Amino acid sequence: MLTLDVRNINKKYPSFELKDVSFQLEKGYIMGFIGVNGAGKTTTIKSILNMTHIDSGEVHILGRSMAEHELELKQEIGFAFGGIDFYTRSKMKTLTETIKKFYRNWNDETYYHYLRRFKLDENKKIADLSTGMKVKYSLALALSHGAKLLVLDEPTSGLDPASRDDLLDIFQELIVDGEVSILFSTHITSDLEKCADFITFISGGQIIRSCEKEEFKASYLLLNGTARELDRVKDRLISYKTNSFGFTGLIHASDFDSSYGIKAATPSLEEILIFFTKKEEVHV
Amino acid sequence: MYNLVMKDIKLGVHPLFFAMPLLTGALMLIPGWIYFIVLLYFCWITVPNMFNQFRSQNDLMFTSMMPVTKRDIVRARVTVVAGLELLHIGIAMVFGLVTLRIYPNFDYYFFPPNLGFWGLCFVMLAIFNLIFIPMYYKTAYKIGAAILYSITAAMLFAGVVQWIGIQSPVLSGIFYGTDANSRVIQTCILIAGIAIFFALTAIAYRIGVKRFLQVEIQ
């Protein structure tokens, strides 16, 4: 069953455009939504959540149209926007007391369970929480109202490696029972190497590819060769960098012929991200 | 809607602004003052501070993430603003009664705090709402121009009616008179003022909703 089904979203701004954005997230999985800053991750997320007016396209969550059932669906969606704080001078307790009234499935027991699990003191003010704790607090809120889909925009940005790792463990714990799905945007690709099941890659407002993580990585190859070898594959490369030893470049696996004799390896998500961005810069 | 109003009251509006009606209302005890100013303090101090607080605490995004309609978001905010206005005017009226008691024979140059004057105050706040709310909801976060135009309009209204009240013998008779006939007319002005306040605030709410539906949440 699909938890999130995004179909052909188009949205035009004066200086930026989302073009035909489509991807699907199955129930019980983590999808990493990657792209460099300004690629369209947050705009896509805001379009999913009906915060912007899309020019065309559809969003279905848990089988229902977001445009038609926004209120009911928001009961089942949890959010965390990294880097955006709300009512920082209020205590967590005050904020929770206010927020919980909006959710019909709110469960105090679950809430206190997660506060203990995340070691959060509800008498602390939001301003006194570390970046990681703020994300954990958002998760505790989302899980306490029974959210089935967690939409997390850059939740790990600004976190130290230990806190990031801790948070990634939590994400994986949350999907174990198969009820919760997570859409997790980031430009820190190493996080996704650790925890994502699916990858959706956006660049310049367009989805480049959306599929299972290993399949995603296997669909590209990272080539390392000499300057002479570069001439043979240059036209087929997505983009490349030259150095004193030769070149490093990214190619679609289907475009590569092993008879070239060029050293090829499976790229990391970061390398894919970097070479696609480089391609865009060349075209600009 | 109720939850949204409570959210604004608990998180967005500083408790000081619930004490402000008492503080500004006490200014009614100054004999012969321009009493319009007492209510204008709400527009000058409470509104800008309150809305700046909403903006600095990212209230728009915070609220938009919750299961609420955009219509209810506007309705709740207008309810909070109008509620505070009624609190200001209600408490000022009580202080006004005290003023009339403790200075019974005062010779007023500016409007005395009688029912007719309060009717004009309701109209002044109605004008403020009619301009402020629709202008604010063009963006739902920029308040500068909305505040400037709405306060200017409210002050112009107050200044002009006060000037006419002094210059025109007919209006002077109505607003400064203490005879039974004048009191009846003053009561009618108050009722009309209240009706205008609710009507214009309702119109402001409708325009606000229409505009807010077009706003993209930043």
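1. Is the crossing in which α5(B) passes α9(B) left-handed or right-handed? The crossing is right-handed; the word applies if the near helix is turned clockwise from the far one by less than a right angle, and left-handed applies if anticlockwise.

2. A quick word on the ground rules. This is a predicted model, where local features need pLDDT of at least 70 and side-chain atom pairs count only at pLDDT 80 or more, while totals for chains, interfaces and linings use all residues. Residues are numbered from 1 along each chain as its sequence is written, with chains lettered from A and ligands numbered from 1 in the order in which they are written.

3. Back to that helix pair in chain B. Helices here are DSSP runs of H or I with at least four residues, strands are E runs of at least two, and both are numbered from the N terminus. The axes of α5 (residues 70–102) and α9 (residues 180–212) of chain B come within 9 Å and cross at roughly 145°. Axes are lines fitted to C-alpha atoms, for helices over the stretch in contact, and angles run from 0 to 180 degrees between N-to-C directions.

4. Who touches whom? On α5(B), look for K70(B), R71(B), V74(B), R75(B), V78(B) and A82(B). Their partners on α9(B) include Y205(B), G208(B) and F212(B). Contact means C-beta atoms, placed from the backbone, within 7 Å.

5. Now chain A, which has domain 1 (2–216) and domain 2 (219–283), with bounds from an automatic or database domain assignment. Their C-alpha centres lie 33 Å apart. The contact takes 13 residues from domain 1 and eight from domain 2. On the domain 1 side, α7(A) gives the most, with four residues.

Notes. Contact = placed C-beta atoms within 7 Å.
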